[in-house]
Each structure stands twice: as structure tokens, then as C-alpha cells.
Amino acid sequence: MKKFIFFSFVVTSLLSPLVLAEQVNLYSARKEALIKPLLDKFTQQTGISVNLVTGKADNLITRLKSEGKYSPADLLITTDVGRLYRAKQQGLTQQITLSEAVATVPSQFRDEQGHWLGLSLRARPIMVAANSVNAQTITSLEDLADPQWKGRVCIRSSNNIYNQSMVAALIAQLGESATQQWVNDFVKNFARPPQGGDRDQIKAVAAGLCDLAIANTYYLAGMLSSDDETTQQQAKKVTVIWPNQNSRGAHINISGVALAKHAPNKESALLLIDFLLSQESQLWYATANHEYPVLDGVAWSDILQSFGQFKTEQVPLGQLGELNAAAVQLMDRAGWK
Ligand code: FE
């Protein structure tokens, strides 16, 4: 018996390092608070640990590139399709196996060669001052270029990738010259040189510095659910207008994931992707950060429901990456700082 116990102990000690070695290395441009709780659940369910490295997307891409085939990274998560596209263009990604879960993601939100896919949707509508009767009549992005809004529009800088992707989507749908014309006129209506993030544009509308802004919905949702009374009051002064509902739909983007080219833990990484696409994870995205689930049939948070249903653009998101350089040049020509 003693011998047996000793034997089991030796076998267990020999095996356990192998079991513990199951891991996934994740490079994430998502803030830790907006991904870590999900990763912990994944570890609880599978026993696979996740080593999280957070940073700015471009820095993580540079790091992946310089590490080359010795990179420990299995997955790259970003908050905009433009960066996923960039990582793929630089040869830093590989095809994600088409699992049952992956196949449920609409093809619009997946790379044609399967190198990346969306994990959540982010919508970028128009936000207007609730007390501006005139602004409430706006129905399209095109309306924002009307000279009646001279000095009344707030938006962040053109070096922000959300704006670049929005303009790229316009190029894909309207063509380059119509988009250039729109951006030229739109820029003339700016209330101030672009500054700050999306939240700052919402605050500027609340403060009456402008009547109209463009921002991602989760910023407004975050302000509405803030513990800070002042922030909540600011958000209540702003309402969402879904643009182009009788035409192409409102602009959307994704937060998404790419599989690293030299992923040393590919099998575990694929399991994590499947987990992030589970109903449970999708529901978490929709409630914790007020993002829209990438899958149909997942409930929205109360705040998202209060913004209402909307029609979305149908552009394959890979095109937003392809047209990024054209969008940047076009914004430059229009003098969008
Ligand atoms: Fe953001």
C-alpha cells in the first residue's frame, strides 16, 4: 500500500506540470477590466490559464512583429477592425479553424480568409442635444454637412481609428469623390479643433458647446450607468439618433480577435475563441460594456434597449481596413485635424 501511495505521488508530480502548462497567451488592446472577468470564467471552466498582456493595439502589433516566430502570443484582441486588418496585412496572423461557434458569426464580421472575427459590435451614431429641437430632425450623416450646422458639430480627431473606419465605410458605399465632398463640408461645421475622446464630445453636447456629435454608444451608456451623479446628468442631456435608417444604415465596427501566426498554444487559443462566442460571454459583453452582441438572440442591456433598434451598414468589415489609407488621406485633404 505504502509503495502504491508513493508511486501515485510520483506519477502525479510528474504529470501535473504538463496539466498546468495548458495556457493561452493573449495580447489585448481591450482594457483589462473589460476582458479579465471573462478570461477568469474560461479558466474556471477549462483549467486553461490565460496570460494577459494589455497595451495599445499598434504597440502590440509592433511587438508581435519584432518577436517573429518566437512570439509567445496566441491571440490578438483589438477594439477596431482596422487594427485586425493591419495585423493580417503584416503577415502576423493565421486562419482560425471554422468551429461551430465561429460559423455562427455573420460573414460580414469575419475576415474572408478567416484570420480574424468580431466578438462584439460597436455602433457609432449621431448624438444630439436633447433640447435642440432642430438637431432632433436630423436623419442622416449627410445632414451634418448642412451649412446650418456651422460651428455646431463636435467630433474627435482624424487620427482616431473609429473615425477612419467610419470614413472608410463611407468610401465603400458612396465612392471616394462623394465622400470627399461630404467630409469637406462636414469639417466646415466643426465647433472646435478636434480634441479628446468620444466621451468628451458627448460632454461638449451636454454643455451646449455643440448640438451634434458622433460617438460610440458604449460611451454614452457608460455615462448613463455611472456612479457619478454629474456624469449621469450630462448623459441625460444627450440623445441618440440612428442615421440613414431609410438608406444604408448606421455605421458599425467590431472588437475582435485574430489568431497569431506562430501561436504556440493554438488548440487552447481556439477554445478561448469559442468561449468568447458563447451565449454567456456575449451576454457579458452586452451588459458589462454595453456593446452589441455579435450573435443574434442575445439580450441587450436595458440601456442599449433604450437607444432602440436600428438598421446597420452591410459593408464587409474587411473593407474598412482596405480603405483605411484612402480614408486618412481624404480626411487630411479636408483639413480634419
Ligand atoms: Fe472606445
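Student: Is serine 28 buried or exposed?

Tutor: A residue counts as buried under 20% relative accessible area. Serine 28 has 0% relative accessibility, so it is classed as buried.

Student: Which residues does serine 28 contact beyond its neighbours within four places in sequence?

Tutor: Serine 28 is in contact with Ile35, Leu52, Val53, Thr54, Gly55, Leu60 and Ile77.

Student: How should confidence be read, and what is the average pLDDT of the protein?

Tutor: Where pLDDT is low, the predicted coordinates should not be read in detail. The average here is 93, and 94% of the residues score at least 70. Residues 1-20, however, stay under 50, and the model gives them 0 contacts beyond four places in sequence.

Student: Let us turn to a helix. Which residues of H10 are buried?

Tutor: Helix H10 spans residues 229-236, and its residues Thr231, Gln232 and Ala235 are buried. Viewed down the axis of H10, the buried residues fall within an arc of 100°, and therefore they line one face of the helix. The face turned away from that buried side carries Thr230 and Lys236, which are exposed.

Student: What do the buried residues of H10 pack against?

Tutor: They pack against helix H8 (198-206), helix H9 (217-224) and strand E9 (238-241).

Student: How is the backbone angle phi to be read?

Tutor: Most residues other than glycine have a negative phi. Asparagine 244 has a positive phi, near 55°. Asparagine 244 sits in the loop between E9 and strand E10 (252-260). With 5% relative accessibility, asparagine 244 counts as buried.

Student: Where does histidine 290 lie, and what is its phi?

Tutor: Histidine 290 is in the loop between helix H12 (279-288) and strand E11 (292-293). Its phi is positive, about 55°, although histidine 290 is not a glycine. Since its relative accessibility is 9%, histidine 290 counts as buried.

Student: How does one relate separation in sequence to distance in space?

Tutor: One compares the two values for a pair of residues. Methionine 166 and arginine 124 are 42 residues apart in sequence, and their C-alpha atoms are 8.2 Å apart in space. Methionine 166 lies in helix H6, residues 161-174, and is buried, with a relative accessible area of 1%. Not counting residues up to four places away in sequence, methionine 166 touches Arg124, Leu141, Ile155, Trp182, Ile214, His251 and Trp336.

Student: Finally, how is an interface between domains described, and what are the domains here?

Tutor: The size of an interface is often given as the accessible area lost when the parts come together. This protein is divided into domain 1 (12-121 + 253-300) and domain 2 (125-250 + 316-333). Domain 1 and domain 2 bury about 1,300 Å² between them, with 64% of it on carbon and sulfur atoms. At this interface, 16 residues of domain 1 are in contact with 17 residues of domain 2. The centres of the two domains, taken over C-alpha atoms, are separated by 29 Å.

Student: How many salt bridges are counted between domain 1 and domain 2?

Tutor: The count of salt bridges between domain 1 and domain 2 is 0.

Definitions and conventions: Residues numbered from 1 in each chain as written. Predicted model: local features only at pLDDT ≥ 70, side-chain atom pairs only at ≥ 80, totals over all residues. Heavy atoms only, no water. Buried < 20%, exposed > 50% of the residue type's maximum accessible area, 1.4 Å probe, protein only. Helix = DSSP H or I, 4+ residues; strand = E, 2+ residues; numbered from the N terminus. Arc of directions from axis to C-beta. Contact = heavy atoms within 4.5 Å. pLDDT = per-residue confidence, 0-100. Domains from an automatic or database assignment. Buried area = accessible area lost by both parts, 1.4 Å probe. Salt bridge = Lys/Arg side-chain N within 4 Å of Asp/Glu carboxyl O.
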